[in-house]
Amino acid sequence: MLIGTYTIRRPYSVALFGKKKVDGDADKSGDGDKASGGFSPEKAKVFFDRAQTLHESTNYAYAVTLWLNGLAQDPSSEDGFRGFVDSVTTLLENGKPNAKEISKSLQGVGKIHKYQIALLNWGVRRSDPAVALKAAEAASGLGLQQQTELLGRAAMNLAVGKPKKDFFVKLLDVFAAAGAFELALEAGQAAKKLDPSDGPLDARLKEMMAQSAIRRGGFEENSGAGGFRNNIRDLDKQTLLENQDAIVKTEDVKERLVNDAMAAYEANPNDLPSIDRYGKALLDRAAKGDERRAMTLFSKAFKDTGQFRYRQRAGEVKIRLIRNSVRQIQRKVEAAPDNDELKNKLALYQRELVGTEVEELQAQVEAYPTDLGIKFELGKRYFAQDKFEEAIELFQVAQHDAKNRIAVMNIMGQSFLKLGGWEDAAIDTFRGALGEMPDQNSDLGMELRYYLMCSLSDKASSARDLDAAEEADKLAAGIAIQKFNYRDIRDRREAVKGLIAELKAG
């Protein structure tokens, strides 16, 4: 539903993420026996169960306290983090929470207490980038990698509006300490953009790029104690692992990799690296039935572990299968363009593809609510389904991602335009995007000018606005001068000129 000035909002869900062992250094800050393995998931569950009961009875403030005290016993708990965010979000919706009062009842010490306080402050001040950064730093101090990434990403998204170099450098440090080198690189690049002359920062970015490449290449995969390199025991094993990382693999190598990965998985079906390697080998080979086997493997892993990444991988394979079917039917349509039955079948599969993409992206948005890129992708799928209100809701959030901002504003403006009756919102959106374009004569710049012209033309027609019509005519003329056969620009300009004559005639 449209609310206020071009604002569409709905409640969002909380992220789910896997567990990571808490850093043993906690004991240096006074966490005592917890740092030495004294954390207790059993004790944490008692807190979490009670917190859930209180949440359901609408005692949200006390529920928040219990979620946080449960996290003191098991900081890496997915259920605990999810429950905390649910309760603190509901608490915010029902009035201003008293964070100071809640903090008095927190039972953690040292780094654990620091994390509890930082998480509480982030929960009640969700729009403050500095608070999100402190929460990310506290999570990093406990070795909670995925929590660090989630909170750090939230801080980075919030900082886009008022970017500061020092802030992004701190984020770089936090991400790097957590081993999130791609996010560290992204934060560092944002800092570098604000100060291109910083040589030491440039050197750090090169280091981050190298670390990110190593991580993507799988050289630091942990497949047991000691990690990747320490698990190479003999030449045969080393050769197999080198083949696994090769860009181009022969069919024999692919077969061997699948067989080896399958044996390792069947020997230990609960070992996550074995699951990952087996799924990757199946998708690389892509023989008949391999993709469905991989999808089943990932679905089972999600059911067994609760880790959303496996749910996401299973969905990606499902989409891959449907895309393959779409491509096959497209080739048949190209070979028989007059076959209506094939055309209808293609349209059916294309709708199924978009519907499946929407379903999977909705799950990802729920799991990763601070990832603006995913929101942008889901918004594009809604747009393709003519669900323009739902699309705008997501675009209004996704536009805060500097990386995609202009592209988001472009399709958000088109969504307003297609809604009908929202021409002013479309005009403001396209003008804002053009104002941030370094080159308005680029392909994207021309597209923005075209849709601004369309929006002004629609407004001129519906509101009998001569100024809007004349501005649309100037834009149409500029586009035609640059590219005379651009879309339907000649027809558009002719229609606008007719409208101008009509409006002037009274």
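Predicted model: local features only at pLDDT ≥ 70, side-chain atom pairs only at ≥ 80, totals over all residues.
**Exercises on helix packing**

Glu423, Asp424, Ala426, Ile427, Phe430, Arg431, Ala433 and Leu434 of helix α21 touch α22 through Gly445, Leu448, Arg449, Tyr451, Leu452, Ser455, Leu456, Asp458, Lys459 and Ser462; contact means heavy atoms within 4.5 Å.

Residues are numbered from 1 along each chain, and side-chain values use heavy atoms, without hydrogens and water.

**Exercise 1.** Find how α21 and α22 are oriented to each other.

*Solution.* Start with the axes, lines fitted to C-alpha atoms over the stretch in contact, with angles from 0 to 180 degrees between N-to-C directions. Those of α21 (residues 423-435) and α22 (residues 443-463) come within 9 Å and cross at roughly 155°. Angles over 145 degrees count as roughly antiparallel. The two helices are therefore roughly antiparallel.

**Exercise 2.** Check the span of helix α5 (residues 110-124).

*Solution.* The expected span is 1.5 Å times one less than the number of residues. For the 15 residues of α5 that should be 21 Å, and the end C-alpha atoms are 22 Å apart, which agrees.

**Exercise 3.** Decide whether Leu257 is buried or exposed.

*Solution.* Buried means under 20% relative accessible area, exposed over 50%. Leu257 lies in helix α13 (residues 251-267). Its relative accessible area is 6%, so Leu257 is buried.

How values were computed
Helix = DSSP H or I, 4+ residues; strand = E, 2+ residues; numbered from the N terminus. Parallel < 35°, antiparallel > 145°, perpendicular 65-115°, else oblique. Buried < 20%, exposed > 50% of the residue type's maximum accessible area, 1.4 Å probe, protein only.
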